[in-house]
Amino acid sequence: MRHYSKSVCVYCGSSFGRDRRIVDAVRELGSLIAGEKWRLVYGAGNCGLMGTVADAAREAGGNTFGAIPVHMPEQINFDLDCLVFTGNMHERKSLMMTNSDAFIGLPGGFGTLEELFEVVTWRQIGIHSKPIHLLNTGGYWDPLITLMRSVIANGFAKETAIELLSVSDTPRQLVAKIKADFNSQS
């Protein structure tokens with residue numbers, strides 16, 4: 001088994017999307033995660049951005065941990081260091097959260113948004129204090145950031161809620177911020 005120092009969870013799409021820059025950035029991020037000797041924790045999929053980040057991490061010598069519900073067998077990546085089957089999506093998300101030291105939201109669809117906002121909410125109410133990051137390649141997350149500011153401006157969240165997410169435009173920026181988070185925790 002490949003050794004790792006920390007575990008970083010990524011939430012991302014099971015599709016590639018339309019912007020090739022995103023696929024390239026996700027591939028670079030997977031390599032960088034492995035280069036830092038961090039374990040990649042993700043949804044165990046073999047397709048889209050999920051497969052891309054895991055393949056890049058493994059190709060760079062990284063450790064991978066996947067969690068997937070038993071009802072999704074057609075999407076499983078069996079080439080992982082650790083693969084855990086869960087009974088449902090709720091168990092999957094809980095397992096991913098407890099096995100991670102930081103979270104990254106990569107581009108994705110409604111499932112990605114749901115997973116991301118669950119860890120944001122859990123942090124907001126004190127279930128965890130782990131850092132949460134967004135990789136904003138090509139401005140993908142700009143509309144979400146605008147929505148979050150609107151939620152705050154309209155009094156549905158505290159001013160400090162925007163600070164729960166750190167936004168980076170490049171994989172290297174994002175990894176540098178996570179390293180700083182990990183160093184401040186030591």
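Colleague: Which residues of the largest nonpolar core touch the most other members?

Modeller: Start with the general idea. In soluble globular proteins, nonpolar side chains tend to be buried together. Now this case, which is a predicted model. The largest nonpolar core has 31 residues. Val10, Leu29, Ile33, Leu40, Ile104, Leu106 and Ile178 touch the most other members.

Colleague: Which elements give two or more residues to this core?

Modeller: The contributors are strand β1 (6-11), helix α1 (20-35), β2, α2, strand β5 (102-105) and α6. Helix α1 gives the most, with seven residues.

Colleague: Let us move to the strands. How many residues of strand β3 are buried?

Modeller: Look at both sides of the strand. Thr64, Gly66 and Ile68 point one way from β3. Phe65, Ala67 and Pro69 point the other way. All of these are buried. That makes six of the six residues in β3 (residues 64-69), so the strand is largely enclosed by the rest of the structure.

Colleague: Take one of them. Is phenylalanine 65 buried or exposed?

Modeller: Phenylalanine 65 has 4% relative accessibility, and therefore counts as buried; the cut-off is under 20%.

Colleague: In which sense do β2 and β3 pair?

Modeller: Parallel. Strand β2 (residues 38-42) and β3 pair over three bridges. Valine 41 stands opposite phenylalanine 65 in β3. To get from β2 to β3, the chain passes through helix α2 (residues 48-59). This β-α-β crossover is right-handed.

Colleague: How many bridges join β3 to strand β4?

Modeller: Five bridges join β3 to β4 (residues 82-86), and these strands run parallel. Here alanine 67 has valine 84 of β4 as its bridge partner.

Colleague: Now the rings. How many aromatic pairs does the structure hold?

Modeller: A pair of aromatic rings is described by the distance of the centres and the angle of the planes. The structure holds three aromatic pairs. One of them is tryptophan 38 with phenylalanine 182, an edge-to-face pair. The centres are 5.3 Å apart, with 85° between the planes. Tryptophan 38 lies in strand β2 and phenylalanine 182 in helix α6 (residues 171-185), so the pair ties together parts 144 residues apart in sequence. Both residues are buried.

Colleague: What is the geometry of the pair of tyrosine 140 and tryptophan 141?

Modeller: That pair is edge-to-face, at 5.0 Å centre to centre and 90° between the planes. Tyrosine 140 is partly exposed, with a relative accessible area of 35%. Tryptophan 141 counts as buried at 2% relative accessibility.

Colleague: Which residue lies over the face of phenylalanine 182?

Modeller: Lysine 6 does, at 5.2 Å from the ring centre.

Colleague: On to cysteines. How many disulfides does a search of the whole structure find?

Modeller: Check the distance between sulfurs. A disulfide needs them within 2.5 Å. The search finds zero disulfides. For cysteine 12, the closest cysteine sulfur is in cysteine 9, at 9.1 Å, too far for a bond. For cysteine 47, the closest is in cysteine 12, at 9.5 Å, also too far. Cysteine 12 is buried at 7% relative accessibility. Cysteine 47 is partly exposed, with a relative accessible area of 24%.

Colleague: Backbone angles next. What is phi of lysine 37?

Modeller: Look for a positive phi in a residue other than glycine. Phi of lysine 37 is near 65°, a positive value. Lysine 37 sits in the loop between α1 and β2. Its relative accessible area is 52%, so lysine 37 is exposed.

Colleague: And where does alanine 44 lie?

Modeller: Alanine 44 lies in the loop between β2 and α2. Its phi is near 70°, again a positive value in a residue other than glycine. At 0% relative accessibility, alanine 44 counts as buried.

Colleague: Last one. How many residues apart in sequence are glutamate 114 and tyrosine 11?

Modeller: They are 103 residues apart in sequence, and 9.5 Å apart in space, C-alpha to C-alpha. Glutamate 114 is found in helix α4 (residues 110-124). At 37% relative accessibility, glutamate 114 counts as partly exposed.

Note on methods. Residues are numbered from 1 along each chain as its sequence is written. This is a predicted model: local features need pLDDT of at least 70, side-chain atom pairs count only at pLDDT 80 or more; totals for chains, interfaces and linings use all residues. Side-chain values use heavy atoms; hydrogens and water are left out. Buried means under 20% relative accessible area, exposed over 50%, partly exposed in between (1.4 Å probe, protein chains only). Helices (H or I, at least four residues) and strands (E, at least two) are DSSP runs, numbered from the N terminus. Two strands pair if DSSP finds at least two bridges between them. A crossover is right-handed if, with the strands pointing away from the viewer, the path from the first strand over the helix to the second runs clockwise. Rings of Phe, Tyr and Trp (its six-membered ring) pair if their centres lie within 6.5 Å; planes under 30 degrees apart count as stacked, over 60 as edge-to-face and the rest as tilted. A charge sits over a ring if NZ of Lys or CZ of Arg is within 6 Å of the ring centre and within 35 degrees of the ring normal. A nonpolar core is a set of buried Ala, Val, Leu, Ile, Met, Phe, Trp, Tyr and Cys residues joined through side-chain atoms within 4.5 Å.
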